[in-house]
Amino acid sequence: MDPSPLVAVVDDDASVRKALARICRFAGFRVQLFDSSESYLNANVVDDVDFLILDIHLPGKSGLELQAELGTGDRHFPVLFITAFEDEIARELAIARGAIDFLGKPLEAKRVLEAIRLALSEN
């Protein structure tokens with residue numbers, strides 16, 4: 001039997017990471033949590049990830065910078081951006097680069113799960 005899809009969450013707020021982990025695990029997904037773009041890249045899980053939840057504002061490399069870096073290789077998986085700050089320019093750039101959605105915090109579990117399920121059903 002194939003393992004359930006792996007969702008990676010990259011957010012510098014521990015409470016957001018924990019909440020998203022609970023939501024995703026409850027829905028049957030495997031989850032790995034990271035507090036920065038660098039910790040995500042250093043974990044060597046990029047090729048195993050089926051879906052990425054990515055905060056825009058991170059210490060070090062921003063979410064948009066990570067998205068751009070990931071888009072340069074053969075890695076193609078859906079990205080959902082999350083943010084506590086309304087930023088229409090960042091939203092437009094993220095969507096133009098292929099993000100499936102751009103949600104503001106506080107997050108609604110239903111919308112997060114809808115985005116994941118829709119994206120995974122299309123891949």
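## Sheet

Five strands form an open sheet in the order S2-S1-S3-S4-S5, with parallel pairing; strands are DSSP runs of E with at least two residues, numbered from the N terminus, and two strands pair if DSSP finds at least two bridges between them. The edge strands, each pairing on one side only, are S2 (30-34) and S5 (101-104). From one strand to the next the twist averages 20 degrees.

This is a predicted model, in which local features need pLDDT of at least 70 and side-chain atom pairs pLDDT 80 or more, while totals for chains, interfaces and linings use all residues. Residues are numbered from 1 along each chain as its sequence is written, and side-chain values use heavy atoms, with hydrogens and water left out.

Strand S1 (residues 6-10) runs parallel to strand S3 (residues 51-55), joined to S3 by four bridges. Phe51 in S3 is the bridge partner of Val7.

Helix H1 (residues 14-26) lies across S1, S2, S3 and S4 (79-83), at about 170 degrees to S2. Helix H5 (residues 109-122) packs on the sheet and touches S1, S3, S4 and S5, its direction making about 140 degrees with that of S3. Helices are DSSP runs of H or I with at least four residues; axes are lines fitted to C-alpha atoms, for helices over the stretch in contact, and angles run from 0 to 180 degrees between N-to-C directions.

## Ala8

Ala8 is found in strand S1. Ala8 has a relative accessible area of 0% and is therefore buried (under 20%, with a 1.4 Å probe and protein chains only).

Not counting residues up to four places away in sequence, Ala8 touches Gln32, Phe34, Tyr40, Val49, Phe51, Leu52 and Ile53, where contact means heavy atoms within 4.5 Å. Ala8 and Arg30 are 22 residues apart in sequence and 8.5 Å apart in space, C-alpha to C-alpha.

Notes: Buried means under 20% relative accessible area, exposed over 50%, partly exposed in between (1.4 Å probe, protein chains only).
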